[in-house]
Amino acid sequence: MGTWGSSPFDSDTSEDFLDELEELSASQRLIVIEATFHSAIEAQGNSNASVLPEEVVAAAAVVAANIPAGRSLTWNEENPGVMEWLAQPITPALAMSAIQALDVTLPADGWFWRSWVDDGEREEAQAAIDSLRSVLRHFISEGEASER
């Protein structure tokens, strides 16, 4: 079916990624998520990379779901268990890796955005990813403030 919606979990690729994570322990999930971000950052947006944009978005959404502000993201309603998938506390460094991976994987002029046929759905997807980034950035800034 491909992609059926604009949330981070609304594609076959993201669902496959979540299915893979679901079978793992919390520590194993963290390893897979960190490796996903690391691979995306190393690839620097190369379309031949071993990590797909939908996997990076899903991994970032899992991280966000496991921090307090991310629990209210609307797409968690369809995947409520995801909010308990990672050991606590989540580190600001993991959130920073998520943002870096999103930035290199989803450049403004990249194929991910051009692949959306419907402008309205593209805007909805952009809003969802902007919300995801906002939650992660807020978490990072809170972590930096508490270290002072």
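Modeller: In what follows, buried means under 20% relative accessible area, exposed means over 50%, and partly exposed is in between (1.4 Å probe, protein chains only). This is a predicted model, in which local features need pLDDT of at least 70, side-chain atom pairs count only at pLDDT 80 or more, and totals for chains, interfaces and linings use all residues. Residues are numbered from 1 along each chain as its sequence is written, and side-chain values use heavy atoms, with hydrogens and water left out.

Colleague: How many salt bridges are there?

Modeller: A salt bridge is a side-chain nitrogen of Lys or Arg within 4 Å of a carboxyl oxygen of Asp or Glu. By this rule the model has three.

Colleague: How many residues apart in sequence are R133 and D103?

Modeller: R133 and D103 form a salt bridge with the closest N and O atoms 3.2 Å apart. R133 lies in helix α6 (residues 119–147) and D103 in helix α4, so the bridge ties together parts separated in sequence by 30 residues. Helices here are DSSP runs of H or I with at least four residues, numbered from the N terminus.

Colleague: Is R133 buried or exposed?

Modeller: The relative accessible area of R133 is 10%. Buried means under 20%. R133 is therefore buried.

Colleague: What class does D103 fall in by relative accessibility?

Modeller: The value for D103 is 36%. The class in between buried (under 20%) and exposed (over 50%) is partly exposed. D103 therefore counts as partly exposed.

Colleague: Which residue forms a salt bridge with D119?

Modeller: The closest N and O atoms of this bridge are 2.8 Å apart. Both residues lie in helix α6, three residues apart, about one turn of the helix. The partner of D119 is R122.

Colleague: What is the N to O distance in the salt bridge of R71 and E84?

Modeller: R71 and E84 both sit in the loop between α3 and α4, 13 residues apart. R71 is partly exposed at 33%, while E84 is exposed at 57%. Their side chains meet at an N to O distance of 3.1 Å.

Colleague: Why is the pair of F112 and W116 edge-to-face?

Modeller: Rings of Phe, Tyr and Trp (its six-membered ring) pair if their centres lie within 6.5 Å; planes under 30 degrees apart count as stacked, over 60 as edge-to-face and the rest as tilted. The ring centres of F112 and W116 are 6.2 Å apart, and the pair is edge-to-face because the planes are at 80°.

Colleague: Which loop holds P89?

Modeller: The peptide bond from Q88 to P89 is cis, with omega near -5°. P89 lies in the loop between α3 (53–65) and α4 (92–105).

Key:
Helices (H or I, at least four residues) and strands (E, at least two) are DSSP runs, numbered from the N terminus.
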